[in-house]
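Biologist: I have the chain open on my screen. Can we walk through it together?

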Amino acid sequence: ERARLVREGDANCADAPTGDPAVISAAVLDAILHGSFDGVVLCDRLTGEYLEVSDSFCELTGYARSEILGRTSIDLKIVVPDGALLQPGALRNTIVSRDGTQRTVEFTHQSLAGEFDVVIIREVDDPVTE
């Protein structure tokens, strides 16, 4: 309904609340975590611990969600520490999956409420197995 009102010229509706933010946020997060082609990670900004990860991140790394949550990329040794800054907030790096496959990826991240980071990981070339 809101989209129709905006389309018909009621621009004020664009910034109006759409309902219970908690319900909407949970539904959006669930859709992203289970439907995104890119890896999506929610981390604690201070500790770097993974708080939630997408199905596609699990596929990319070869780890089950239960093996990832509460740990960091350093714990799992999945990020090679030689990344290249592409622009503020974006980094190109290599990740190493559980089976040793190396993939070049681009990371982008955004801080949420100063406590969390949302990281999007996109593979940019074919995997290399050692």
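Biologist: Start with Asp75: does it count as buried, exposed or partly exposed?

Modeller: Asp75 counts as partly exposed, because its relative accessibility is 39%. Buried means under 20% relative accessible area and exposed means over 50%, with partly exposed in between, using a 1.4 Å probe and protein chains only.

Biologist: Before we go on, what am I looking at, and how is it numbered?

Modeller: This is a predicted model, in which local features need pLDDT of at least 70 and side-chain atom pairs count only at pLDDT 80 or more, while totals for chains, interfaces and linings use all residues. Residues are numbered from 1 along each chain as its sequence is written, and side-chain values use heavy atoms, with hydrogens and water left out.

Biologist: Where does Asp75 sit?

Modeller: Asp75 is in helix 5, residues 73–76. Helices (H or I, at least four residues) and strands (E, at least two) are DSSP runs, numbered from the N terminus.

Biologist: Which strands does strand 1 pair with?

Modeller: Strand 1 pairs with strand 6 in the antiparallel sense over 6 bridges. Strand 1 is also antiparallel to strand 2 (residues 50–53), over 3 bridges. Two strands pair if DSSP finds at least two bridges between them.

Biologist: What stands opposite Leu42?

Modeller: In strand 6, Val118 is opposite Leu42. In strand 2, the residue opposite Leu42 is Glu52. Strands 1 and 2 form a hairpin with 5 residues between the strands, and Gly48 takes a positive phi near 80° there.

Biologist: Now strand 4. Is it mostly covered or mostly open?

Modeller: Strand 4 (residues 90–96) is mostly covered, with 5 of its 7 residues buried. It pairs with strand 5 (residues 102–112) in the antiparallel sense over 7 bridges. Thr94 is opposite Thr104 of strand 5.

Biologist: What is in the turn between strand 4 and strand 5?

Modeller: The two strands form a hairpin with 5 residues between them, and Gly100 in the turn has a positive phi of about 90°.

Biologist: What does the side chain of Asp99 make polar contacts with?

Modeller: The side chain of Asp99 has a polar contact of 2.6 Å with the side chain of Ser97. Another, at 2.7 Å, is with the side chain of Thr101. A polar contact is a pair of N or O atoms within 3.5 Å; within protein, one must be able to donate a hydrogen and the other to accept it, and residues adjacent in sequence count only if both atoms are side-chain atoms.

Biologist: And how far is Asp99 from Thr61?

Modeller: Their C-alpha atoms are separated by 8.5 Å, and the two residues are 38 residues apart along the chain.

Biologist: Tell me about Thr61. Buried or exposed?

Modeller: Thr61 is buried, because its relative accessible area is 1%. It lies in helix 3, residues 55–61. A polar atom of the Thr61 side chain is 3.4 Å from the backbone nitrogen of Tyr63.

Biologist: Which residues does Thr61 touch?

Modeller: Leaving out residues up to four places away in sequence, Thr61 touches Ile68, Ile78, Ile95, Ser97 and Arg98. Contact means heavy atoms within 4.5 Å.

Biologist: Last topic, the largest pocket. Which residues lie nearest its centre?

Modeller: Ser73, Val79, Leu91, Phe107 and Val119 lie nearest the centre, out of 23 lining residues. Strand 4 gives the most to the lining, with 4 residues.

Biologist: How do the lining residues divide?

Modeller: They divide into 14 nonpolar, 5 polar and 4 charged. Ala, Val, Leu, Ile, Met, Phe, Trp, Tyr, Cys and Pro count as nonpolar, Asp, Glu, Lys and Arg as charged, and the others, Gly among them, as polar. On a 1 Å grid over the protein atoms alone, a pocket is an open set of points where a 1.4 Å probe fits, with protein on both sides within 12 Å along at least five of seven lines, and lining residues have an atom within 4 Å of a point.
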